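Welcome, and please open the model in your viewer.

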Amino acid sequence: MLIERKWKKWFLFYLPMAAFIAFTLFPFYWMAITAFRPDAELYATWRQPNAAPLWTLHPTLEHFVGLMQTTAFPTWLWNTMLIAVVSTLISLVCGMFAGYALARLRFRGSEFLGTAIFVTYLVPQTLLFIPLADIVRDLQLGNTPWALMLTYPTFLIPFCTWLLMGYFKTIPKELEECARIDGATRFGAMVRIIFPVAVPGILSAGIFAFTLSWNEFIYALVFMASADQKTVPVGVVSELIRGDIFFWGQLMMGALLGSVPVALVYSFFVEYYVTGLTGSVKG
Amino acid sequence: MGGGRAAQDLHLSTERARVSRLTRALESEKLLATALLAPATAILLLFIAYPFVMALWFSLTSIRVGDAGEFVGLANFSKAIHDTIFRMAFENTVFYTFWATIFKLVLGMWLALLLNRHFRFKRIIRASMLLPFIIPTVLSAFAWRWMFDPTFSVMNWMLYHAGLITDRMPFLSSGDWAMWCAVAVNTWRGMPFFAITLLAGLQTISPDLHEAAALDGAGAWHRFWHVTWPLLLPVTLVVVVFSVIQTFSDFQLIYVLTGGGPANSTHLIATYAYQIGVGSGLLGEGAALSLFMFPVLFAVVWVQLRFLKRMDNA
Amino acid sequence: MAQFSRRKFLQYSGVGMAGILAAHRAPVFAQANTVHILRWNDFVPAADKVLREVFAPEVMKALGLKLNVETVNANDIPARATASIQSGNGPDIFMLLNNYPHLYASAAVDVGAIADEVGKAQGGIYAASAQLNRVGGKWVSMPWSVVPAMIAYRKSWFDEVGARTFPKTWQEYHAVGKKLKANKHPIGQTLGNTFGDAPTFTYPLLWSYGGQEVDAKGKVVLDSKETVDSVRFMAQFWKDAHDEGGLAWDDSNNNRAFLSGDISASLNGASIYVAALNGAEKFKTEKGAPLHTDILHAPLPAGPKGAHAYHTAFNHMVMKYSKNAKGAIEFLRWAHRKENYEKWFLVQKGFAVAPTREWEKHAMWKNDPVMLPFRNGAAAQKRLMGYASQPDKRAAEAWNKFLVTVMYAQACSGKMKPEEAVKWAAGELRKIYT
């Protein structure tokens, strides 16, 4: 253990750490204050003598109630959750299979395919959404969650594949070889031996995919028409901003509540996430 | 009785034969690989490759909303190159990506080094550091916009009461300021991802290596630069590349924060392409604008893959 | 320990999930005679309520038609329209702002029958509205309403600096504004990339000095002495009298700034006044009186070549791809009938006016003298974007690139000298009007 002097510890650790925490979390603190602040206080300009943006003496739940009752927020929350879970599952399965194939199997064109999958990551969504709207309608998926559940994997699969490929590479080949000597098929060895060992990596990829899918905006904006099909980002932006009037209290409340489910997922799995990344990063 | 049993046996053995034929087929690496890669490839072909080709075709025609237009070759690309707003958008995108990536890397690395130690509340702090990355971009961008608002900015309030300013800072009202504000918000958002991924990398470095270096008399900075950094290079590279791709094609943040203003001075390629393609209905031109992103991104990824391959072989 | 609490949490969240599941409504099955209309989130929320809670049930009773009202942010309508038209599937009726009908004309159903009918019954449709909705001699969309823009100003503060009536010319406004800013009550105006407040200010400003984008043949004449004069004036006016943060404002900033007492005047629809009326306890003057008692409205001042205005037009287009175009037309015809339109009109309180002359005579205008200037707003509009040519696709492209607004913004921010800004804008305009 390296010994450091007290002041050094403060200077090199506590101070920077505190600064990082302040920088990272201040906006959330501020969002929370705004979400619970009554409307009257929201409109105090910063120059006003009695402006107190950092705290409020009259916290109120009116924005929470307003959000829940006057908008379809709970529905959006459910939609986003459902779409995120299904897209993540689809991407994980595709990513697990593809990652294993690219990491473990030798076949012609494996390099080309690997590169091709990454190249698709480069195609921006702002380019694709118009032709995609055509395809989505042709498949009669417009305004249904499936429009998103099938298009989100397009940007989730490449990353999942990369992550899992890296992770699979770190798993010693001996494991499969032993299993096959014992009579298992390749497929069986993959599913029953490799995948369980790779659970941290799989969880890691899953969490990341879940976050990205929760974050998506433009496809949801264009493919989803009715208010009860919208996702949280689109719903909050389209229903809580009526041109002249931004309903800031409800907006911030929506922003906070919209991040809670993902935050909870992370809080349970962050250790797995880090371990999973560790494994794939080693490779 | 015997005959029934024989029939059963025959039935079972044909079943087994059928099953084993399938499994035998999947024993072949090639076939298994094809089967495994099929779902991913199908989705990517249908929902990326095909629309991409369509978009490529759009960019070569004068297509507008509701009017298929006609083939015009590279006219849309030429118009873009001569468009002063587009040139500014391109510069902005490079500026934005460059600075945001540097800040994210430096701050992310620093944070990762800090988080790599043992301290009280480590778990909860680690988890909370991820919050900016978790919250949907659109929503956090709104919060930042409100924080920078000329009339209501909490930043102005804090700086004013700390005696640092007498009149407000033009956070989003001046083109230059607004670009830096966007960089700041992007850094805020992306730094956790860097930090956590680099942290994962740090944890694979055995502490023995550091001890050995320390025993040899190396200081903290020296240890970092000669032990930590080289070992982290592969991870760093991958994370940087992913981040560059995301940042270069960013849309949501600028769309919400400034809408491309003031005076078209904070447009990125993606937001400008959207404004032209969708706002004016000039789909062909919008597609051409978007496609300008592609070569740059492609080059970045290509460089990364070459670098990684070199390291793999080393 | 962590395991235990995790299990407990999952139990509780399971119950929560079930609750949300129960609240989730079953999908609505499309009925034979459904009309899906897409509109913006009205700045007057009560109007959307009228559509959903009054129009929908009544039109069901009257025509057996199910009305499905969807509202989105006005800025997102172009994205939806583009995607819907390209894929041939989407809302039956699109609400389109300003001259967007010209952009999407090829995807529209001819609604000339309704336009003729309503025009005849209601004293004629305003010429400006007609121009925006007619392409190639056909009515491609039906004008629904116009939101006039007036300057809302604080009577008491204007009195303080000696302006008992609102300035009639730009020079007078400039002089008054200087004094106001000295009193820490600047004028507030957005010069940002917004679809509402910015062009409704900059285009009339340009016209009032005699400048224009193109001539009648479509040749770009923006770079004229008149234009440079107007830009030079604006740059000075900006520094002397305006809240310079306005360069970053969108359409809502001036509302907030006005309601918080930060600015003394701003060009806007009536939403500032209506918000002050509806929130009489929230919004007060510094003396404690309700803010709405201190607000008056006036049209834009005149320049050397007269006073001009631009008011945002709202139009309904029936889409060619619609499977129920007949029902959509029936709905529009029904909605424009006096007894039905009136319900929507009244709840607007003058924020939006009708596109026909008849409604200028309505009794509602007697209720509130403060709203009176809005009555003739739409009637007074003579020019449109793309003047002196048609408000066609090219004008729409220039509008969407915010060329005119950016021209003023560049000069006001000091980034470019007025001549340079004009030259730049004209150059960009020439690329469009090739």
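A residue is called buried when its relative accessible area is under 20%, exposed when over 50%, and partly exposed in between (1.4 Å probe, protein chains only). A word on conventions: this is a predicted model, in which local features need pLDDT of at least 70, side-chain atom pairs count only at pLDDT 80 or more, and totals for chains, interfaces and linings use all residues. Residues are numbered from 1 along each chain as its sequence is written, chains are lettered from A and ligands numbered from 1 in the order in which they are written, and side-chain values use heavy atoms, with hydrogens and water left out.

**Stop 1: T93(B)**

Select T93(B), which sits in helix α4 (residues 84-115) of chain B; helices here are DSSP runs of H or I with at least four residues, strands are runs of E with at least two, and both are numbered from the N terminus. Is T93(B) buried or exposed? T93(B) counts as buried because its relative accessibility is 0%. Now show what surrounds T93(B): beyond its neighbours within four places in sequence, it is in contact (heavy atoms within 4.5 Å) with F248(B), L268(B) and I269(B). Zoom in on I269(B), whose backbone nitrogen is 3.1 Å from a polar atom of the T93(B) side chain.

**Stop 2: the whole of chain B**

Zoom out and colour chain B by secondary structure: you will find 15 helices and zero strands. Chain B has 314 residues, and 55% of them count as buried. Among its contacts with a separation of 6 or more, 67% join residues 24 or more positions apart.

**Stop 3: where chain B touches chain A**

Next, select the residues in contact across the two chains: 99 from chain B and 106 from chain A. On the chain B side, helix α2 (residues 29-59) of chain B gives the most, with 19 residues. That side of chain B divides into 72 nonpolar residues, 14 polar and 13 charged. For this count, Ala, Val, Leu, Ile, Met, Phe, Trp, Tyr, Cys and Pro are nonpolar, Asp, Glu, Lys and Arg are charged, and the others, Gly among them, are polar.

**Stop 4: P59(A)**

Finally, move to chain A and select P59(A), in the loop between α2 (39-42) and α3 (62-70) of chain A. P59(A) counts as exposed because its relative accessibility is 60%.

Notes: Polar contact = N/O pair within 3.5 Å; in protein donor to acceptor, adjacent residues only side chain to side chain.
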